[in-house]
Amino acid sequence: MTTKIKICGLTTPDTLDVALEGGADFVGAVVFPKSPRHLDPEAAAALFERARGRAKMVAVTVDPDDALLQQIARTLRPDFIQLHGSETTQRAEQVRALTGAGVIKAFPIRQAEDFAAADAWGDHADHLMFDAKPPEGSALPGGVGHSFDWTLLAGRAFRHPWFLAGGLNPDNVAEALRMTGAPMVDVSSGVESAPGVKDADRIAAFIQNARRS
């Protein structure tokens, strides 16, 4: 099965086009003001309309309120809402009802016990995402370039295809896929030249290396 690839935190037409032309399966807009990749819903809608029908569009959020979700649904009209905060399964169902979008739920991982939080989500998310737990005191729940011990995924099975995230880059994605068998990968800071600044060459290399693995 071909690995599915998500390029997240895109903010410019040229880097979005590189992701689309490379064959990215998912492209992500971060709607979270604390992130250096933040776009408001209107700006995200204007940029990502070129992706419609070419890749699945994901709005990345952190504990979004109803007003923000409705604004995202009205303007960006994403295929998926990514929940990267402390959302519950009940909240996920409300998100689905408010937006009409699918749900991706991210879980911060540092040790084996952290996977337990995902056990209740089989019926409530279309995809799970396993990301590295950020350092203590970080204002961001992800996109900080950290990875977790990929061997923790050995022998684990999940109901739906899932994303591996956290610390991936063009140089290690093939090894990460070999170790984990992840059906889907997500990258953001690993294809940047500076925080929030995507690098077209690194995006292209990441996609190529993930596809070859």
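Helix 5 is followed by G181, a residue with a positive phi, near 65 degrees. The model is predicted, and the angle is computed from its atoms, as are the values below.

Helix 5 spans residues 173–180, and its buried residues are V173, A176, L177 and T180. These four cover an arc of only 95 degrees around the axis, which puts them on the same side of helix 5.

| Element covering helix 5 | Residues |
|---|---|
| Strand 7 | 163–164 |
| Strand 8 | 184–187 |
| Helix 6 | 200–212 |

The protein chain as a whole has six helices and ten strands. Its radius of gyration is 16 Å, close to the 17 Å that the globule rule gives for 213 residues, so the chain is as compact as a globular protein of that length. Along the principal axes, the C-alpha atoms fill a box of roughly 40 × 40 × 35 Å.

Of the 213 residues, 51% count as buried. Among contacts with a separation of 6 or more, 55% are between residues 24 or more positions apart. The protein chain exposes about 9,300 Å², and carbon and sulfur atoms supply 49% of that area.

Methods:
Residues are numbered from 1 along each chain as its sequence is written. This is a predicted model: local features need pLDDT of at least 70, side-chain atom pairs count only at pLDDT 80 or more; totals for chains, interfaces and linings use all residues. Side-chain values use heavy atoms; hydrogens and water are left out. Buried means under 20% relative accessible area, exposed over 50%, partly exposed in between (1.4 Å probe, protein chains only). Helices (H or I, at least four residues) and strands (E, at least two) are DSSP runs, numbered from the N terminus. The arc is that of the directions from the helix axis to the C-beta atoms. Contact means heavy atoms within 4.5 Å. The radius of gyration is taken over C-alpha atoms; the globule rule is 2.2 Å times the number of residues to the power 0.38. Accessible areas come from the Shrake-Rupley method with a 1.4 Å probe; for residues, only the protein chains shown count as cover.
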